[in-house]
Amino acid sequence: MHEIQTNLLWIGHAFDIRALDSQQPRALFEAGIEAVVDVAYEEAPAYLPRQLIYCRFPLNDGGGNEPAHLLQCVQTLGDFLSSGTRTLVACSAGMSRSPTIAAFALAKHLSQTPDEILVRIAEKRSLEIKPSLWSDVENIFAKLR
């Protein structure tokens, strides 16, 4: 997991939320994470402790996602950020879908551009942003509350 916005937003990957042993959720609790937004299409749903809010939006990295689903996903993460809910957004490798969704939600929250946020994220972790997904989310960005 990589903390992107201090005490508010983390980006992670499948193994951060899909426990291989009983110790795995401990990292979420130690970070104070209260909610998980899972955007991994090819992974099975995570089984997290009941104390955590879990939202799953199975997104395709190569585009073709329903605009309404993308809007709901980014809006949900944005609502968590606005309410101060400490949130982890995760996909399979944590390099494309989760940083893309995080960049747009955090941009809206901070009144910055998604590109500015993406530069911040790239300083903390490796990225492999897929242009088709980025473009799809960019198309719904103006519709965010």
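What is the accessible surface of the protein chain, and what percentage of it belongs to carbon and sulfur atoms? I looked this up at the start, keeping in mind that I am working with a predicted model, and found about 7100 Å², with 51% of that surface belonging to carbon and sulfur atoms. On burial, I noted that 48% of the 145 residues of the protein chain count as buried.

Entry on overall form. I went through the secondary structure and listed six helices and five strands, which follow one another along the sequence in the pattern β-β-α-α-β-β-α-β-α-α-α. The radius of gyration is 14 Å, close to the 15 Å that the globule rule gives for 145 residues, so I wrote the protein chain down as being as compact as a globular protein of that length. Along the principal axes, I have the C-alpha trace spanning about 40 × 30 × 25 Å.

Entry on contacts and charges. Taking the contacts between residues at least 6 apart in sequence, I found that 65% of them join residues at least 24 apart. I then turned to the charges, 13 positive and 17 negative, and noted that their mean positions lie 4 Å apart.

How do strands β1 and β2 run, parallel or antiparallel? I recorded them as antiparallel, with three bridges joining β1, residues 2-5, to β2, residues 9-13. Looking for an individual pair, I found that Glu3 has Trp10 as its bridge partner in β2. Three residues stand between the two strands of this hairpin, and for Asn7 I noted a positive phi near 55°.

Notes:
Residues numbered from 1 in each chain as written. Predicted model: local features only at pLDDT ≥ 70, side-chain atom pairs only at ≥ 80, totals over all residues. Heavy atoms only, no water. Helix = DSSP H or I, 4+ residues; strand = E, 2+ residues; numbered from the N terminus. Rg over C-alpha atoms; globule rule 2.2 N^0.38 Å. Buried < 20%, exposed > 50% of the residue type's maximum accessible area, 1.4 Å probe, protein only. Contact = heavy atoms within 4.5 Å. Areas by Shrake-Rupley, 256 points an atom, 1.4 Å probe, with all protein chains shown as cover. Lys, Arg positive; Asp, Glu negative; His and termini not counted. Charge placed at Lys NZ, Arg CZ, Asp CG, Glu CD. Pairing = 2+ DSSP bridges.
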